[in-house]
Amino acid sequence: MTSKWVGEGEKMVRAIFRLATRVAPSILFLDEVDALLGTRGGNGGSSGSNNEQESSRRFKTEFMVQMDGITHNHQKNNHTHTHTH
């Protein structure tokens, strides 16, 4: 779900959740979600790492927004399962 192109990761997240809603009932299996999401925030650093942190932050925010949409979905036809170590 990640991409080297700015904004593509967020687009992929929206597309996956939109597809799951469209074909509901559906199940999303998210393996190693902790590796994708980790901890939000950071200390800054060089401008290159700031750009990486910013894109990572946007990806994580979009993912959490989509997950929140599923938990508040009145149809309750979508299920998300995650696996972490």
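**Close-up 1. Glutamate 62, a buried residue of helix H3.** Glutamate 62 has a relative accessible area of 14%, so this residue is buried (buried means under 20% relative accessible area, exposed over 50%, and partly exposed in between, using a 1.4 Å probe and protein chains only). Glutamate 62 sits in helix H3; helices (H or I, at least four residues) and strands (E, at least two) are DSSP runs, numbered from the N terminus. This is a predicted model, in which local features need pLDDT of at least 70 and side-chain atom pairs count only at pLDDT 80 or more, while totals for chains, interfaces and linings use all residues. Residues are numbered from 1 along each chain as its sequence is written, and side-chain values use heavy atoms, with hydrogens and water left out. What does the side chain of glutamate 62 join in a polar contact? Its partner is the side chain of glutamine 66, at 2.7 Å (a polar contact is a pair of N or O atoms within 3.5 Å; within protein, one must be able to donate a hydrogen and the other to accept it, and residues adjacent in sequence count only if both atoms are side-chain atoms). If we leave aside neighbours within four places in sequence, glutamate 62 is in contact with Glu10, Val13 and Arg14, where contact means heavy atoms within 4.5 Å.

Close-up 2. A salt bridge is a side-chain nitrogen of Lys or Arg within 4 Å of a carboxyl oxygen of Asp or Glu. Both residues belong to helix H1 (residues 8–22), and they are three residues apart, about one turn of the helix. Lysine 11 counts as partly exposed because its relative accessibility is 45%. Glutamate 8, at 28%, also counts as partly exposed. The structure holds five salt bridges.

**Close-up 3. A network of salt bridges around arginine 58.** Which residues are linked in this network? They are Glu10, Glu54, Arg57 and Arg58. The side chains of arginine 58 and glutamate 10 meet in a salt bridge of 3.2 Å, N to O. Arginine 58 lies in helix H3 (residues 47–71) and glutamate 10 in helix H1, so this pair ties together parts that are 48 residues apart in sequence. Arginine 58 also forms a salt bridge with glutamate 54, where the closest N and O atoms are 3.9 Å apart. Glutamate 54 and arginine 58 are four residues apart in helix H3, so about one helical turn separates them. Is glutamate 10 buried or exposed? With a relative accessibility of 10%, glutamate 10 counts as buried. Arginine 58 is partly exposed at 24%, and glutamate 54 is partly exposed at 33%. Arginine 57 is another residue of helix H3, partly exposed with a relative accessible area of 39%. The C-alpha atoms of arginine 57 and leucine 37 are separated by 8.8 Å, and these residues are 20 apart along the chain.

Close-up 4. Ten residues make up the largest nonpolar core: Val13, Phe17, Ala20, Leu28, Leu30, Val33, Leu37, Phe59, Phe63 and Ile70. At least two residues of this core come from each of H1, S1, H2 and H3. A nonpolar core is a set of buried Ala, Val, Leu, Ile, Met, Phe, Trp, Tyr and Cys residues joined through side-chain atoms within 4.5 Å. The structure holds one aromatic pair. The ring centres of phenylalanine 17 and phenylalanine 63 are 5.8 Å apart and the planes meet at 80°, so the pair is edge-to-face. Rings of Phe, Tyr and Trp (its six-membered ring) pair if their centres lie within 6.5 Å; planes under 30 degrees apart count as stacked, over 60 as edge-to-face and the rest as tilted. Phenylalanine 17 in helix H1 and phenylalanine 63 in helix H3 are 46 residues apart, and the pair links distant parts of the chain. Phenylalanine 17 is buried at 2% relative accessibility, and phenylalanine 63 is buried at 3%.

**Close-up 5. Backbone details in two loops.** Most residues other than glycine have a negative phi, and most peptide bonds are trans. A cis peptide bond joins alanine 24 and proline 25, with omega about 5°. Proline 25 lies in the loop between H1 and strand S1 (26–31). Glutamate 32 is not a glycine, yet its phi is positive, about 60°. You can find glutamate 32 in the loop between S1 and helix H2 (33–37). At 25% relative accessibility, glutamate 32 counts as partly exposed.
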